[in-house]
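The report below turns to helix packing and to the nonpolar cores of the structure shown here.

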Amino acid sequence: MDATGKSKWIVGLAAAVLLIAFPLIIERLTSQYYLYLTVKIMIWALFATSFNLVLGYGGMMSFGHAAFYGAGAYCCALLLVKTACPVWAAALAGPAFAAAIGLVIGYFSVKIKGVFYFATLTLAFSQLFYILVFKWRSLTLGDDGIQGIPVPECISTLESYTNYYYFALVVTAICFYILRRIVQSPFGLILNTLRENAERSTFIGVNAQKHRLIAFVISAFFSGIAGVLLVFLETSLSPDVLKWSNSGEVILMGLLGGMHVFLGPTLGAAIMVLLNSFVTSYSEYWGLCLGLTLVLIVLFFPQGVGGLVHERLEARAKRKTA
Amino acid sequence: MPILHIKGLKKAFRGVAAVAGVDLTVEDNQIYSVIGPNGAGKTTLFNLISGYHTCDRGHVYFKGQEITGLPPEKIVGIGIGRSFQVTSIFPGLTVLENIRSTVLVTGKKGFSLFSQASKLGTKDSEETLSLVELLDKRNEPAGVLSAGDRKKLELGIVLATKPKLLLLDEPTCGMSTAETGSTIQMIRKIAQEMSLTVLFTEHKMDMVFNVSSYISVMNFGTIIASGRPEEIRNNQQVQEVYFGGAYAS
C-alpha cells in the first residue's frame, strides 16, 4: 500500500472511532441535543449525497428531489400508522416507493434536453406530489400531518438519542458504502461522461436516456431511505417535507461542500445544519446568514469547501512524490 | 460487398437542401475522402451516416445491413466510429478515463454497478493510448491538452469503440503543417494495422491527394465528381468549384 492509501486508512479509522465514541463523549459533556443534531446531519448528508449522484455526477439539475425524500417518509409513516405492517417492511417500502416515483418522474424528465427544462419539469412533478399529499386528507391527513408514528423500542428516541444515533449511523454508513461503489463503478464513470459531454457519450455507444434514468431511480431510492430515517427520528411528519425548499437545500449543500467530491455534500449538510442551529438560536436572520455564506463560497471557492480541501490534499501528495 | 453504401440520401433544413440526393459506395479498406467548399453538405452527410440527424429520404447500408434511422449509440455499436469537426472529448476526465469509459461501454460493462472501473480495461486503454501517442499524458485532465493532442485523444476514443469504419470530420482542422503530416501518417498506419476503412472530409488539398485512394467532390449538397486522385485532379468541373468558377458568374 502506498503512503496516500495508508493515510486514507488512518483518517478513515480515526473518523470511525470518533463516530462510534461520539455519543459517549456527548453524554459526558453536554446535552442530548447535539446527538439529535448529528443524526439530522446524517439524514441530510444521505439525502444530499444521493441527490449528488444526479447533479454532481450525472449533471442533471433536478429541482424536485424533495418528492423522493417525502415519498419515502410518507409511505413508511402511513404504513405504520394505518396498517398492521411490520416496521421492517414499512422501512423497506419507503425507499421502494420513492424509487417507483423516481421511475415515473425520471421517465419523462430524462427525455428533456437542457438544464432549465429538466429543472422545471422535476420541480413541477414534485409540486404536484406536494399538492396531492396536502389535499388528499383522507389518506395523508393533509396539513395536520401524521403524529405519534410508532417506532420500535430498540431505536426509540423517547429516553435518549443514543440507540437511534447508532441505528442511523449504521444505515447511513451502509448506504454511503453502496453509493461510493456505484460512483467508482463503470456505471459511475459513464455517468461522468454524460455530464462532461453527452453528445460524445452517445457517440461512444452510451444510451444516454437509459443511463440517466437508472441513476435517477437509484438516487430516488437512497433519498427515500433518508426520508424513512427522518420519520423514525421525528415520529411525526407533515407535508413540509415535500416542499420545494427541501429540493433547494440539497442543491445548496452540494454547492457549499463541493459536488465533485464524494463527501462534499456531507460537509455541506454539516455546515448547513450546524449553521442553522446556531444562527437561529441567536438571531432570526438565518436566511441572510446562509445567503452571505453561499455568495462567499460561490465567489471564492466555486469548487466548494470539500473541493478545496481535496485540491489542497492532492497538491500536497503531488509535492511529496515529486 | 461494399462496407458502406448510400442511396439517394436527402436532408433539408427549413426547406434548404443540405444533402440533395447523394449516392456513395465505400469499399473495404479504402481511404476515401469527401471534399468540397464550406457549406457543400459534407458534415451533414456525416451526421446522416452516423445517426446524428435522421434523413428525409434515402438509405444507408453498412455491410449490406440497412442502418437508416438508427440512433447513434446503435450505429457505434455495429462498427461506425466518428470524430467531430469541433473536437469532442470529455474535458473534465483524465486522458486515461476518456479511453477507459469508451472501452467499458464497448465491452458492454457500462451498467456494471459494483465493480471498480479503475481496475477494468486498463490494458486495452493503454494500448489505444500508445497508438495515438498519448500514453505519457494518461493522467492529465483532457481539458488541458493542446488542440493537436485533443484531436489525437478523440481519435483514440473513436478507435476504442472498435470500429470497422472511421468517419473523420476534418481530422487535422486547426493543426500546424507539421502536426497535420504526423497525424495523417498516424491515421494511415492505424488504418492499415487494424484494417479499417476511413471516410473523411478535409480542406487541405495536398494532404487529400496524398493519402486518399478514392475521392468524391461535393457541392451544393450533391456529389459532382468521384474518382481516383489523379482523375479528380484533372476534372474540369472540380477545378471550377475550387478556383471560383462556380461562383464567378
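## Crossing of α2(A) and α7(A)

In this predicted model, the crossing of α2(A) and α7(A) is left-handed. The axes of α2(A), residues 33–57, and α7(A), residues 162–184, come within 9 Å and cross at roughly 15 degrees. Because angles under 35 degrees count as roughly parallel, α2(A) is roughly parallel to α7(A).

On the α2(A) side the contact includes Leu35(A), Met42(A), Leu46(A), Leu53(A) and Tyr57(A), while α7(A) contributes residues including Tyr164(A), Leu169(A), Phe176(A) and Val183(A). By class, the residues of this contact between α2(A) and α7(A) divide into 16 nonpolar, 5 polar and no charged.

## Packing of α7(A) with α8(A)

Helix α7(A) also packs with α8(A), residues 186–196, at an angle of about 60 degrees and with the axes 4 Å apart, which means that α7(A) is oblique to α8(A). Ile182(A), Val183(A) and Gln184(A) of α7(A) make this contact with Pro186(A), Phe187(A), Gly188(A) and Leu189(A) of α8(A). The contact of α7(A) with α8(A) has 5 nonpolar, 2 polar and no charged residues.

## Nonpolar cores

The largest nonpolar core holds 88 residues, and those that touch the most other members are Ile43(A), Leu46(A), Phe68(A), Tyr74(A), Tyr164(A), Phe232(A) and Leu237(A). Helix α2(A) gives the most to this core, with 17 residues. When residues up to four places away in sequence are not counted, Phe232(A) touches residues including Cys76(A), Leu80(A), Val151(A), Ile155(A), Tyr164(A) and Phe167(A).

A second, separate core of 40 residues includes Phe90(B), Val103(B), Ala117(B) and Val132(B).

Conventions:
Residues are numbered from 1 along each chain as its sequence is written. Chains are lettered from A and ligands numbered from 1 in the order in which they are written. This is a predicted model: local features need pLDDT of at least 70, side-chain atom pairs count only at pLDDT 80 or more; totals for chains, interfaces and linings use all residues. Side-chain values use heavy atoms; hydrogens and water are left out. Axes are lines fitted to C-alpha atoms, for helices over the stretch in contact, and angles run from 0 to 180 degrees between N-to-C directions. Helices (H or I, at least four residues) and strands (E, at least two) are DSSP runs, numbered from the N terminus. Angles under 35 degrees count as roughly parallel, over 145 as roughly antiparallel, 65 to 115 as roughly perpendicular and the rest as oblique. A crossing is left-handed if the near helix is turned anticlockwise from the far one by less than a right angle, and right-handed if clockwise. Contact means heavy atoms within 4.5 Å. Ala, Val, Leu, Ile, Met, Phe, Trp, Tyr, Cys and Pro count as nonpolar, Asp, Glu, Lys and Arg as charged, and the others, Gly among them, as polar. A nonpolar core is a set of buried Ala, Val, Leu, Ile, Met, Phe, Trp, Tyr and Cys residues joined through side-chain atoms within 4.5 Å. Buried means under 20% relative accessible area, exposed over 50%, partly exposed in between (1.4 Å probe, protein chains only).
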